[in-house]
Amino acid sequence: EQLQDPVLKSLVGIALVQSGKQREGEKVLNATLQDNPNNTSVRLTLARHYILSRQPEKAVKLLKEGIASKADNGMQRMLVSAYLAADNREKALDEAQRLAASKPEQAANYHVLGRTALLAKQYDSSAKALTRALQLQADYAPAQADFAQLKLVTGKPREASNIYQQMIANNADNAATIKGFITAWEMQNGKSADGKAVESAVLKLSQSDTAHAVLAEYHMRSNRIEDAKRLLDAIDITSENKYAIYVKQFYSSMKSSAALKAGNIDQARQFGCFQPG
């Protein structure tokens, strides 16, 4: 309430929203916008807060007001997200088309159009937009990921697999990309195919801790527990890879549950997931 400096006030508002004190943060950010309506970063932060707190209509209003006074690609991209959050795909697509038509051309803008068209199941439009995005920036990972998803949805797993392989070559430590590759591989070879073949295909592309963790989780979901353990044991025990830590916890939970069902309390304690009542 004592703050006067607009920069400091906006920083405090952002900090409040991001630390969970949303009402207080929203109040400060709105006050900052009233003092300085052209503060794009504050407007975007507040709009993102509204989207995440399931108030997309407020985000739409806020962003449209900002765009009316100052054209901005970032606000337009978030406006598309706000329309999608409000389940208004028609307006989201209209805004995405306007965004893609803006000059100079940007890969990010065409990606937004491609992704929005994909969600609207307008696959030809999606393919054209994503192709243009990748012409502008060949290694733009968000567009690559959605293009691969488009290929899966339209029954072209081999093409999807090729895209995922390129992405893994650029970043061998992305769990979502590795999972996408596995999905494409299974679509080509059948889900009942030998799990070791999937493992071999993935490890040829990446030897990262994330790849081992993804494969361990893949084996666990098919109840191949020993294969999962073998892959997790290959990860350095000091690794701080968050995904690998999550999968190790998942593995311990599965082993503990199995031990409890078998009446083996000591083994359940061994895996750290059993706390005696």
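This is a predicted model: local features need pLDDT of at least 70, side-chain atom pairs count only at pLDDT 80 or more; totals for chains, interfaces and linings use all residues.
Visitor: Which nonpolar residues form a patch on the surface?

Guide: Val7, Leu8, Leu11 and Val12 do, and together they have about 330 Å² of accessible area. Leu8 belongs to helix α1, residues 6-18. The relative accessible area of Leu8 is 42%, so Leu8 is partly exposed.

Visitor: How many salt bridges are there?

Guide: A salt bridge is counted when a side-chain nitrogen of Lys or Arg is within 4 Å of a carboxyl oxygen of Asp or Glu. By this rule there are eleven salt bridges. One of them joins Glu105 and Arg132, with N to O at 2.6 Å. This pair links distant parts of the chain, 27 residues apart: Glu105 sits in the loop between α6 and α7, and Arg132 in helix α8 (residues 123-136).

Visitor: What about Lys151: which residue is its salt-bridge partner?

Guide: The partner is Glu159, and the closest N and O atoms are 2.8 Å apart. Lys151 counts as buried because its relative accessibility is 14%, whereas Glu159 is partly exposed at 38%.

Visitor: Which residues are linked in a network of salt bridges?

Guide: Lys196, Glu199, Asp227 and Arg230 are. Within this group, Asp227 and Arg230 form a salt bridge whose closest N and O atoms are 3.0 Å apart. The two are three residues apart in helix α14 (residues 225-233), so about one helical turn separates them. Asp227 is buried at 15% relative accessibility, while Arg230 is partly exposed at 35%.

Visitor: Back to the loop between α6 and α7: is Ser102 buried or exposed?

Guide: Ser102, in the loop between α6 (89-101) and α7 (107-119), counts as buried because its relative accessibility is 16%. A polar atom of the Ser102 side chain lies 2.6 Å from the backbone oxygen of Leu99. Not counting residues up to four places away in sequence, Ser102 touches Asn73 and Asn109.

Definitions and conventions:
Residues are numbered from 1 along each chain as its sequence is written. Side-chain values use heavy atoms; hydrogens and water are left out. Patches are made of residues with over 30% relative accessible area and no salt bridge: like charges are joined within 9 Å, nonpolar side chains (Val, Leu, Ile, Met, Phe, Trp, Tyr) within 5 Å. Accessible areas come from the Shrake-Rupley method with a 1.4 Å probe; for residues, only the protein chains shown count as cover. Helices (H or I, at least four residues) and strands (E, at least two) are DSSP runs, numbered from the N terminus. Buried means under 20% relative accessible area, exposed over 50%, partly exposed in between (1.4 Å probe, protein chains only). A polar contact is a pair of N or O atoms within 3.5 Å; within protein, one must be able to donate a hydrogen and the other to accept it, and residues adjacent in sequence count only if both atoms are side-chain atoms. Contact means heavy atoms within 4.5 Å.
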